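Reader: I've got a new structure up on the screen. Can you walk me through some of the residues?

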Amino acid sequence: MAPHMNAAIRIAVGLEQPFFLQTWTPKGGLSDWEPCEARVIPSETVHHLRSSGPMACLYLDPLQDHRSPLSEQDLLRGRDHLRAVGADRVGIHEAFAAFGVAVRPARDARIARVVLEVERRPFDFGRMQEAAALACLSPSRFRSRFHAEIGLPFRRYRLWRRM
């Protein structure tokens, strides 16, 4: 897979063997290849994955508790669970629970309402003003609140949900 960037936080897991990861920084470019068994890749991080075996990737929804970092122990425990049960037989909620990631209550119900509507109708929000109106906020206040709650700008989130 070529270097790319995701709008969502990703948990990448090598199921049978380690995978290799490069990350990009503006000052250093792409890092050396690093072997990983499981890794959290932050949103909007340019990265490059290479694996010769099966992998599982979990993308954290903005209404998930992605603000508390996962420890190495959390990652390895989740990986071991996926391997023991069989990644193809694990439901999505069980997979997230294996990593200690659970749905959290929304801090701002107005933003949660917009997120749920974008989930239901990703192509109905052509402009941020429409989402701001649904949240009963001015566009500038909506932009600020959305980014604080979700961790992404509204336009990037909307694009991600459309994909």
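This is a predicted model: local features need pLDDT of at least 70, side-chain atom pairs count only at pLDDT 80 or more; totals for chains, interfaces and linings use all residues.

Reader: Is His4 buried or exposed?

Author: Buried. Its relative accessibility is 18%, and the buried class means under 20%.

Reader: What does His4 touch, leaving out residues up to four places away in sequence?

Author: Arg10, Thr45, Val46 and His47.

Reader: And which backbone oxygen lies 2.9 Å from a polar atom of the His4 side chain?

Author: That of Ala2.

Reader: How accessible is Cys57?

Author: Cys57 is partly exposed, at a relative accessible area of 32%. Cys136, by contrast, counts as exposed, with 65%.

Reader: Switching to Ser71. Where is it?

Author: Ser71 is in the loop between β7 (55-59) and α1 (72-85). It is partly exposed, with a relative accessible area of 32%.

Reader: What lies 3.0 Å from a polar atom of its side chain?

Author: The backbone nitrogen of Asp74.

Reader: I'd also like a distance. How far apart are Ser71 and Gly14?

Author: In space, 17 Å, C-alpha to C-alpha. Along the sequence, they are 57 residues apart.

Reader: Now charges. How many salt bridges turn up in a search of the whole structure?

Author: The search finds 11. One of them links the side chains of Arg39 and Glu34, at 2.6 Å from N to O.

Reader: Are those two side chains buried, exposed or partly exposed?

Author: Both residues fall in the middle class. Arg39 is partly exposed at 25% relative accessible area. Glu34 is partly exposed too, at 34%.

Reader: Give me another. Which residue does Glu117 pair with?

Author: Arg120. The closest N and O atoms of that salt bridge are 3.0 Å apart.

Reader: Where are they placed relative to each other?

Author: Both belong to helix α3 (residues 109-120). They are three residues apart, so about one helical turn separates them.

Reader: What about their exposure?

Author: They fall on opposite sides of the scale. Glu117 is buried, with 16% relative accessible area. Arg120 counts as exposed, at 60%.

Reader: And Asp124, what does it bridge to?

Author: Arg121. Here the closest N and O atoms are 3.0 Å apart. Asp124 is partly exposed, with a relative accessible area of 43%. Arg121 is partly exposed as well, at 31%.

Reader: Which residues end up in one network through shared partners?

Author: Glu117, Arg120, Arg121 and Asp124. Salt bridges that share partners join them.

Reader: Good. Quick recap of the buried ones we covered?

Author: Among them are His4, at 18% relative accessibility, and Glu117, at 16%. His4 is in the segment before β1 (10-14), while Glu117 is part of helix α3 (residues 109-120).

Conventions: Residues are numbered from 1 along each chain as its sequence is written. Side-chain values use heavy atoms; hydrogens and water are left out. Buried means under 20% relative accessible area, exposed over 50%, partly exposed in between (1.4 Å probe, protein chains only). Helices (H or I, at least four residues) and strands (E, at least two) are DSSP runs, numbered from the N terminus. A polar contact is a pair of N or O atoms within 3.5 Å; within protein, one must be able to donate a hydrogen and the other to accept it, and residues adjacent in sequence count only if both atoms are side-chain atoms. Contact means heavy atoms within 4.5 Å. A salt bridge is a side-chain nitrogen of Lys or Arg within 4 Å of a carboxyl oxygen of Asp or Glu.
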